[in-house]
Amino acid sequence: MKQLWDLAGVFAYLSLLTIGGGMAAFPEMKELTVDTYHWVTFPELLHFYSLGQLAPGPNMMMVASIGVTVAHIPGALVALVAFFLPTGLLTFFVGRLWTHLATWRWRPAIQTGLGSVAVGLVLAGAIIMGRGAITQFFFGVIALVVFLLLWRTKINPAYPIVASGLVGMALHYFNIA
Amino acid sequence: MSDAATPPPPPSLGKLFWVFLVMGATSLGGGVVAYLRTGLVVRQRWLDDVSFVELLSISQTLPGLNATNMSILVGDRLRGGMGALVATLGMCIPGASLMTAAGLLYGAGGDGPWSKAFLHGIAAGAVGLILVVLVQLGAKTLKTYADYVFVAATAVAVAFFKVPVPYALIVAGIVAIWWHRPRNKDVP
């Protein structure tokens, strides 16, 4: 029961940090789920996060994987509700107010100001994730190739991500990684 | 061109749930916003492009994921509170079920060397994906040199000096908002 409360607290808190996308919450997610509560190891967190990029729908459904690891199905449900309810309610009510704020002088300032901080948080998440995922040269090559493909073409990201997994298996087969 | 004089009647809650469930199940590869636009603006014609972009800008400013924030805002606009609820559930149920199953399989011994090798590969690929998101987000958001300074300061503080994200968010957020504060000359 204590674990369910912990899950609820952690994911409700993390949800409020997802400004600019789920990655913005990644640094704190690593801190809390790996270092503080030891629910998952850092590689496990990376694996769940990356698998989550392959799942359809919102890209942070991996919170269910952490929840189910900690406290089975109830854990998954608690993690999901905690992660989506607080920001959901906020969006619901602010969404209704927003049209009234259309002419508020501070609105563009808030949008631009928070925008750059959000990009900074996503960058921090990418750096922390890169430290865990790019453990040697060939993994750096995978990341670079995927980056260039997605940046320069309109290809569905699911293909290069799955291909990265197959390359990972090939590296394992040839004992390179 | 859609005929503005005859907007389509609001969908039933069942229909709303179904359309979001289909988008939640088929939006593979992360680009949920593109799927949302195709589904809501082009196919169902529940929204026009102007309202879509307006709701998207709210979604991006507030905390929360774009996909769920958009489901809430669109659901609310079409069918009120219940609409927001069923749209969000539809969007989340497929991915949530899959990731719950993934967690169970992983715990049940699905973490052998082969699946670990596969997952390590996709983790490296996901870093590439995040970098693209970062470049696209940056191109849209960053306008002045000061914005790049805010990005770098936030990222360095969090990733290298382990500053807790809420502190970074509040301090950098206040400085950045103040930097872009409305000036008197902006007022006509």
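Lys162(B) sits in the loop that links helix H6 (145–159) to helix H7 (165–179) in chain B; helices (H or I, at least four residues) and strands (E, at least two) are DSSP runs, numbered from the N terminus. This is a predicted model, in which local features need pLDDT of at least 70, side-chain atom pairs count only at pLDDT 80 or more, and totals for chains, interfaces and linings use all residues. Residues are numbered from 1 along each chain as its sequence is written, while chains are lettered from A and ligands numbered from 1 in the order in which they are written.

Although Lys162(B) is not a glycine, its phi is positive, at about 55 degrees. Lys162(B) is exposed, because 10 other C-beta atoms lie within 10 Å; a residue is buried if 20 or more other C-beta atoms lie within 10 Å of its own, exposed if 12 or fewer, and partly exposed in between, with C-beta atoms placed from the backbone.

Chain B as a whole has seven helices and zero strands. Its radius of gyration is 21 Å, well over the 16 Å that the globule rule gives for 188 residues, so chain B is more spread out than a compact globule. The radius is taken over C-alpha atoms, and the rule is 2.2 Å times the number of residues to the power 0.38. Along the principal axes, the C-alpha atoms of chain B fill a box of roughly 65 × 50 × 30 Å. Of the 188 residues in chain B, 46% are buried.

The contact between the chains takes 89 residues from chain A and 80 residues from chain B; two residues are in contact if their C-beta atoms, placed from the backbone, lie within 7 Å. On the side of chain A that touches chain B, H5(A) gives the most, with 22 residues. By class, this side of chain A has 57 nonpolar, 30 polar and two charged residues. Ala, Val, Leu, Ile, Met, Phe, Trp, Tyr, Cys and Pro count as nonpolar, Asp, Glu, Lys and Arg as charged, and the others, Gly among them, as polar.

His72(A), in helix H4 of chain A, is not a glycine but has a positive phi of about 55 degrees. With 14 other C-beta atoms within 10 Å, His72(A) is partly exposed. Glu44(A) belongs to helix H3 (residues 42–54) of chain A and counts as buried, because it has 21 C-beta neighbours inside 10 Å. A separation of 27 Å lies between the C-alpha atoms of Glu44(A) and Trp151(A), which are 107 residues apart along the chain.
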